[in-house]
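Let's sit down together and learn to read a few features of a protein model. Bring your questions, and we will take them one by one.

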Amino acid sequence: MSAPALKPAIPSRRLGVIGSLVGMLAFIAAVLPHWVVPMVYPPPPADQVIVDTGHRIKDRIVARVKGVEYQAPKVEKSAGRSWSEIASVAAISLGLLAILFSVLSLIFREERLLAAVAATLGTGAIATEISFVMIGALILIAILYVVGNIIGLF
């Protein structure tokens, strides 16, 4: 009689698959709102933003010269900005969750390829979100520099 054939143990893929799906959602949350939200809720024209910023800077300077404390007007968040902030938080949170699933997948000795995919998608989503924030900060600095040049602060 021959011994029964043993089946090789197939490693589980559960955490890797979940991490990959969460990482894909994170990447979608990081990238898609930067194209969809401006189409649904268009931002104000750049010249209007520059003029409004110039008026606020002028009001601050006038208040400082008069010796009065400047009271900034209360500005409501637009719906587009609210959606962008929600997507930003979701992208970073889901990216971290995907990385967590990737690490857990490696700890429980699941398939490494899916763990690598989950980690890559999570890291990519976080890096994409941070890059959009940095680009926005650079644009804001450029606008403030132009307005400051116009009114003679620099």
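Q: What pattern does the chain follow, read along the sequence?

A: Good place to start! This is a predicted model, and its chain reads α-α-α-α-α along the sequence. In total there are five helices and zero strands.

Q: What does the C-alpha trace of the chain span along its principal axes?

A: The trace spans about 105 × 30 × 25 Å. The radius of gyration tells a related story: the chain has 25 Å, whereas a compact globule of 154 residues would have a value near 15 Å.

Q: How do the axes of helix α1 and helix α2 cross?

A: The general idea is that two packed helices are described by the angle between their axes and the distance between the axes. Here, α1 (residues 14-31) and α2 (residues 33-40) have axes that come within 5 Å and cross at roughly 45°. That angle makes α1 oblique to α2. On the α1 side, the contact is made by Ile28, Ala29, Ala30 and Val31, and on the α2 side by Pro33, His34 and Trp35. By class, these contact residues are six nonpolar, one polar and no charged.

Q: How much space lies in the largest pocket, and which residues are closest to its centre?

A: In general, rolling a probe the size of a water molecule over the atoms shows where empty space is left. In this model, the largest pocket holds about 1600 Å³. It is lined by 36 residues, and Pro43, Pro44, Arg81, Ser84 and Gly136 are the closest to its centre.

Q: Which helix supplies the largest share of that lining?

A: That is α5, with ten residues. The lining of the largest pocket has 21 nonpolar, eight polar and seven charged residues.

Notes: Residues are numbered from 1 along each chain as its sequence is written. This is a predicted model: local features need pLDDT of at least 70, side-chain atom pairs count only at pLDDT 80 or more; totals for chains, interfaces and linings use all residues. Side-chain values use heavy atoms; hydrogens and water are left out. Axes are lines fitted to C-alpha atoms, for helices over the stretch in contact, and angles run from 0 to 180 degrees between N-to-C directions. Helices (H or I, at least four residues) and strands (E, at least two) are DSSP runs, numbered from the N terminus. Angles under 35 degrees count as roughly parallel, over 145 as roughly antiparallel, 65 to 115 as roughly perpendicular and the rest as oblique. Contact means heavy atoms within 4.5 Å. Ala, Val, Leu, Ile, Met, Phe, Trp, Tyr, Cys and Pro count as nonpolar, Asp, Glu, Lys and Arg as charged, and the others, Gly among them, as polar. On a 1 Å grid over the protein atoms alone, a cavity is a set of points where a 1.4 Å probe fits but cannot get out, and a pocket is an open set with protein on both sides within 12 Å along at least five of seven lines; lining residues have an atom within 4 Å of a point. Grid points are joined across faces, edges and corners, and a volume is the space filled by probe spheres set on the points. The radius of gyration is taken over C-alpha atoms; the globule rule is 2.2 Å times the number of residues to the power 0.38.
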